[in-house]
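Work through the exercises below with the model open beside the text. Each task is followed by a solution that goes step by step.

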Amino acid sequence: MNSSYDAIVIGTGQAGPSLAARLSGAGMSVAVIELGKFGGTCVNNGCIPTKTLVASAYAARLAQRAGEYGVEIGEPVRMDMKRVKARKDEVSGKSNKGVEKWMRTLANGTVYQGHARFVGKKAVSVNDDLLIADRIFINVGGRPLVPEWATVDSLPYLTNVSMMDVDFLPEHLIVIGGSYVGLEFGQMYRRFGSQVTIIEMAPRLIAREDEDVSQGVQAVLEQEGIEVRHDAECFSVSKEGSGVAVNVRCTSGSPKVLGSHLLLAVGRVPNTDDLGLEAAGIETDQRGYIVVDEQLRTSNPNAWALGDCNGKGAFTHTSYNDYEIVADNLLNNAGRKWTDRITAYALFIDPPLGRVGMTEAEVKRAGIQALVAKRPMTRVARAVEKGETQGFMKVVVDSGNKRILGASILGTSGDEAVHSLLDAMYAGLPYTAVQRGVRIHPTVSELIPTLLGDLQPLR
Ligand SMILES: Cc1cc2nc3c(=O)[nH]c(=O)nc-3n(C[C@H](O)[C@H](O)[C@H](O)COP(=O)(O)OP(=O)(O)OC[C@H]3O[C@@H](n4cnc5c(N)ncnc54)[C@H](O)[C@@H]3O)c2cc1C
């Protein structure tokens with residue numbers, strides 16, 4: 001059947017549903033198309049379920065350390081993995097159902113379930129329906145990258161998606177990929193009781209971060225008994241009995257790692273390869289990301305791309321911000337741009353890493369005259385009191401205009417504390433304004449003014 005709408009939204013990730021609601025609220029008729037589960041990656045196999053699992057892992061860790069706090073649990077701590085999964089399913093399921101209900105009850109909204117494909121500049125097909133609109137919004141997200149070497153010999157492997165069905169304890173989980181997804185799963189399964197090996201091809205974990213941050217993160221993981229192998233070239237993976245064998249060429253350690261389960265966490269690819277983009281004249285880059293301008297318009301004047309599929313962010317908050325930009329520009333002619341965003345994200349291992357702005361290495365490469373200060377968490381009272389003293393906080397400021405250039409807080413509450421620096425960056429404040437504020441004792445944030453008092457020239 002042919003149907004015309006004011007707008008079509010493809011995908012219900014972190015931008016699509018809010019945009020559909022905002023446009024329908026503005027009186028537009030909106031078609032919403034979803035291929036899989038409502039809510040997309042974050043809700044079903046990304047942020048929400050993984051952070052729920054991280055919370056179970058944190059509880060396990062605290063229970064394992066209970067004696068240090070004078071708490072007697074008595075028995076060795078045992079995991080009930082079925083309950084861990086059930087808790088995760090409940091939290092994630094609520095969100096998924098909430099998004100679905102929201103979309104199905106939208107005024108002026110029509111939901112289509114199926115695979116959307118462009119068949120023209122203003123036309124999209126889904127199942128047997130042809131939908132036409134002057135405005136088409138693409139929020140199709142991404143999926144885990146599965147390298148070719150993993151697809152041979154029906155090798156059993158897991159991704160962040162299939163990990164969602166795991167309700168047992170893998171005996172030995174091998175994680176390939178030492179970045180955000182791999183590290184979060186690696187630490188959580190170690191805390192649940194699995195033996196865990198993380199294999200990273202680069203010379204260090206989370207290689208886009210400063211070296212001291214990578215080292216700090218590795219120290220946290222190794223202290224909990226995770227084996228970290230970097231400088232590893234995985235050149236073959238094979239089935240070995242009921243498990244897997246990964247042959248690695250490393251600077252040290254055995255060339256073969258044997259495990260019961262294999263998790264691939266080697267990156268993500270945008271869901272743009274089967275979207276009929278050519279029919280709509282929508283360009284992609286070499287990696288398949290949809291090319292957009294500063295206002296997220298594609299090469300087709302009738303189409304916009306939001307979220308992970310445009311390659312301008314890989315986070316829930318960047319996707320949601322894409323929605324805010326597009327909606328504000330369309331409805332209020334606000335002229336907002338994604339390039340006004342300041343980099344901000346967290347790695348949710350425990351303790352977490354909160355990151356904003358440039359790294360120290362980026363500042364050096366950019367040749368900016370800067371000051372840097374660093375403070376170990378052992379000198380943060382709240383961390384000492386909580387018995388969580390791993391990590392450090394670091395800030396880099398421009399020595400000319402005194403603006404904050406970037407910060408890394410690897411430590412307890414680092415994901416929250418880093419926001420006070422982010423706010424100052426958005427406000428364009430000199431660091432001295434942050435330094436003079438009086439903060440609540442005892443908090444991690446309380447030490448940020450003190451940290452700023454320790455600035456030294458960056459060499
Ligand atoms: C394990 C993991 C943990 C993460 N943790 C965090 C975190 O802690 N914090 C954070 O900020 N980010 C996190 N992320 C990233 C975050 O999940 C994504 O950045 C976020 O979901 C934004 O995605 P999106 O809006 O671009 O689309 P997605 O959420 O990926 O949704 C896209 C939707 O489009 C649908 N779709 C795709 N193709 C079609 C089609 N042709 N027709 C119809 N529908 C289609 C899909 O089914 C999906 O529902 C994590 C990611 C992973 C994998």
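**Exercise 1.** Determine which residues aspartate 328 touches, leaving out residues up to four places away in sequence, and decide whether aspartate 328 is buried or exposed.

Solution. Aspartate 328 touches Arg22, Asn333, Ala334 and Arg336 once residues up to four places away in sequence are not counted, where contact means heavy atoms within 4.5 Å. The model is predicted, so local features need pLDDT of at least 70 and side-chain atom pairs count only at pLDDT 80 or more, while totals for chains, interfaces and linings use all residues. Residues are numbered from 1 along each chain as its sequence is written, and side-chain values use heavy atoms, with hydrogens and water left out. Aspartate 328 is found in helix H8 (residues 316-332); helices (H or I, at least four residues) and strands (E, at least two) are DSSP runs numbered from the N terminus. With a relative accessible area of 15%, aspartate 328 is buried, given that buried means under 20% relative accessible area, exposed over 50% and partly exposed in between (1.4 Å probe, protein chains only).

**Exercise 2.** Describe how helix H1 (residues 16-25) and H8 pack, and state which residues make the contact.

Solution. The axes of H1 and H8 are 9 Å apart and the helices pack at an angle of about 20°; axes are lines fitted to C-alpha atoms, for helices over the stretch in contact, and angles run from 0 to 180 degrees between N-to-C directions. H1 and H8 are therefore roughly parallel to each other, since angles under 35 degrees count as roughly parallel, over 145 as roughly antiparallel, 65 to 115 as roughly perpendicular and the rest as oblique. On the H1 side the contact is made by Ser18, Leu19, Arg22 and Leu23, and the H8 side includes Tyr320, Tyr323 and Asp328.

**Exercise 3.** Classify the packing of helix H3 (residues 47-64) against H5 from the angle at which their axes cross.

Solution. The axes come within 8 Å and cross at roughly 40°, and H3 and H5 are therefore oblique to each other. Among the residues that make this contact are Leu53, Val54 and Ala57 of H3 and Phe185, Met188 and Phe192 of H5.

**Exercise 4.** Give the strand order of the open sheet of 4 strands, and find where H5 packs on the sheet.

Solution. The order is S10-S9-S8-S14, with parallel pairing, where two strands pair if DSSP finds at least two bridges between them. The edge strands, each of which pairs on one side only, are S10 (227-229) and S14 (261-264), and the twist averages 20° from one strand to the next. Helix H5 (residues 180-192) touches S8, S9 and S14 as it packs on the sheet, and the direction of H5 makes about 165° with that of S9. Strand S8 (residues 172-176) is joined to strand S9 (residues 195-199) by 5 bridges, and leucine 173 has valine 196 in S9 as its bridge partner.
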